[in-house]
Amino acid sequence: MKALVFHKINDVRVETVDDPRIEESRDAVIRVTSTAICGSDLHILDGFVPQMRNMVLGHEFMGVVEEIGPGVTNLKIGDRVVVPFPIACGTCYFCNHQWPTQCENSNSNYGPDGGFMTEKAAALFGYTDLYGGYNGGQAEYVRVPFADFGPRKVPDGLTDEQVLFLTDIFPTGWAAADWAKIKGGETVAIFGAGPVGIMAAKSAWLMGAGRVINVDVQQYRLDMAKKSANSETILWQDQDQVVELIRSMTEGRGADVCIDAVGMEANRSFLDKAKAVFNAEKGTAKVLETCLRAVRRAGVVSVVGVYGSPFDNFPIYRWFDKGITLMGTQAPVQIYIDHLMQLVQDGKVKLDDIITHTLPLEQAAYGYEIFKKKQDNCVKVVLKP
Ligand code: NAD
Ligand code: ZN
Ligand code: ZN
């Protein structure tokens, strides 16, 4: 089959690889009909999340059940499904406690320590050997382990585009808002107006936020946030400017909730880069630090942007002095997806309005390039195998 294969930093190619097959009784093989490129894929492309051997990438995918193992009784061949990006067993301590992304049974590199390069959380599709080493879904076919727990059937009448983002970015944005315990009327400042930041904005409104602000360094992405999620927008110039603006919009207090939907690959100056090399840090924690400043005292900071290393001089004193609730991790998609599918089906939310590019899988490398370099006003790329 054809698949998008990561070779090395800045080198991904569509090529022929072995077809996946059923390996365990709870496996399914899915014929992929639509798959997307995510900001998380860029961390692999850019070498921030390391991968040594070739691997098929892609954790946002959906398609048709082609084959099932004997242990899968809730799906049948021909079912149309969306697949959550975290791989989880459904039966372990954490799966039983609503934490599929901390599953004990899907990642051979799992452990309680959450180390820098080892003892990681649950496995993720197409997300390096650190996260289980499973091939991903930017491919014609993909093997889905624990297929009786993750995949959800798509109700009749919904297109791929309407439901594809239930695999990751909508539940991720939703998780950020849910962790912030939005009850109604809050001012929510979201750093990032990429796909995740925009989905967080849609989620905040659905939960009753009073005011939603997206911050980004790219004006065209802020324009998309405004159009698709009705956000107020701030163009990032520097940390002080953004903090001052958010305070001026909130009677000097700061936002009730700050969401970090950027992570370690925020824009960096030469000095930021030098500091990272000197301190052996991956990227920068600048956006998270800005969230700690821009949030009001006793507010919440929700982090869905990915961080992958220690950071020296992290301002933990602000967290303590201001009484901030800080939460972040990979989104537990499985616990939200059914409710979110219902919202889509009921027409309460539209997800496909952020798609700027639909390309054949053969052009996936080009899709990575324009998404990474923010060319051609690219916000979200959908690939068709
Ligand atoms: P993206 O790369 O398209 O978006 C990131 C955005 O941040 C870009 O629009 C960029 O211009 C902007 N940005 C850069 N520096 C900034 C700054 N200083 N201030 C404000 N904005 C800045 O990626 P995405 O797909 O939207 O994903 C965003 C983050 O969420 C990534 O780190 C990704 O890995 C992560 N993610 C996490 C989960 C999860 O489960 N926790 C799931 C999906 C994605
Ligand atoms: Zn993703
Ligand atoms: Zn589990």
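Predicted model: local features only at pLDDT ≥ 70, side-chain atom pairs only at ≥ 80, totals over all residues.
Start at the zinc ion (ligand 3). Four cysteines supply its protein donors: Cys 89, Cys 92, Cys 95 and Cys 103, each through SG. The donors lie 2.3 to 2.4 Å from the metal. Along the chain, these residues follow the spacing C-x2-C-x2-C-x7-C. What is the geometry around the zinc ion (ligand 3)? The 4 donor atoms subtend angles of 104 to 115°, so the arrangement is tetrahedral. For reference, the ideal angle for four tetrahedral donors is 109.5 degrees. Two of the cysteines, Cys 95 and Cys 103, are buried.

Now move to the zinc ion (ligand 2). Its protein donors are Cys 38 (SG), His 59 (NE2), Glu 60 (OE) and Asp 168 (OD). They lie 1.8 to 2.3 Å from the ion. The angles among the 4 donor atoms run from 88 to 135°, and the site is tetrahedral. The tetrahedral class needs all angles between 85 and 135 degrees. The donor residues are spaced C-x20-H-E-x107-D in sequence. His 59 and Glu 60 sit side by side in that pattern, and both are buried.

Return to the stretch that follows helix H2. The loop between helix H2 (93–96) and strand S8 (123–124) holds Gln 98. Gln 98 has a positive phi, near 65°, and is not a glycine. Its relative accessibility is 48%, so Gln 98 counts as partly exposed. Glu 119 belongs to the loop between H2 and S8 as well. Its phi is also positive, about 55°, again in a residue that is not a glycine. Glu 119 counts as partly exposed because its relative accessibility is 27%.

Next comes a helix pair. Helix H4 spans residues 169–179 and helix H11 spans residues 333–345. Their axes come within 10 Å and cross at roughly 105°. H4 is therefore roughly perpendicular to H11. From H4, the contact uses Phe 170, Pro 171, Trp 174, Ala 175, Asp 178 and Trp 179. From H11, it uses Val 333, Tyr 336, His 339, Leu 340 and Leu 343. These contact residues divide into 9 nonpolar, 1 polar and 1 charged.

Which residues of helix H6 (residues 219–229) are buried? They are Tyr 220, Arg 221, Leu 222, Met 224, Ala 225, Ser 228 and Ala 229. The cover over them includes helix H5 (195–206), strand S12 (211–216), strand S13 (232–235) and helix H12 (364–372). After H6 comes Asn 230, with a positive phi near 55°. H12 has buried residues of its own: Ala 364, Gly 367, Tyr 368, Ile 370 and Phe 371. Lys 374 follows H12, and its phi is positive, near 55°.

Helix H5 carries Trp 205. Its relative accessible area is 30%, so Trp 205 is partly exposed. Beyond its neighbours within four places in sequence, Trp 205 is in contact with Gly 210, Arg 211, Val 212, Ala 229 and Asn 230. Ala 229 is one of the buried residues of H6, and Asn 230 follows that helix.

Two more residues complete the tour. Phe 314 is in the loop between strand S15 (295–303) and helix H10 (316–322). With a relative accessible area of 25%, Phe 314 is partly exposed. Setting aside residues up to four places away in sequence, Phe 314 touches Ala 285, Leu 288, Glu 289 and Leu 292. Pro 360 is 46 residues from Phe 314 along the chain, and their C-alpha atoms are separated by 43 Å.

Thr 358 belongs to strand S17 (residues 357–360). It counts as partly exposed because its relative accessibility is 47%. Thr 358 and Leu 383 are 25 residues apart along the chain, and their C-alpha atoms are separated by 5.8 Å. Leaving out neighbours within four places in sequence, Thr 358 is in contact with Val 382 and Lys 384.

Technical notes:
Residues numbered from 1 in each chain as written. Chains lettered and ligands numbered in written order. Heavy atoms only, no water. Axes fitted to C-alpha atoms, helices over the stretch in contact; angles between N-to-C directions. Helix = DSSP H or I, 4+ residues; strand = E, 2+ residues; numbered from the N terminus. Parallel < 35°, antiparallel > 145°, perpendicular 65-115°, else oblique. Contact = heavy atoms within 4.5 Å. Nonpolar A, V, L, I, M, F, W, Y, C, P; charged D, E, K, R; others polar. Donors = N, O, S within 2.8 Å, 3.2 Å for Na, K, Ca; no water. Tetrahedral: all angles 85-135°; square planar, octahedral: opposite > 155°, others 65-115°. Buried < 20%, exposed > 50% of the residue type's maximum accessible area, 1.4 Å probe, protein only.
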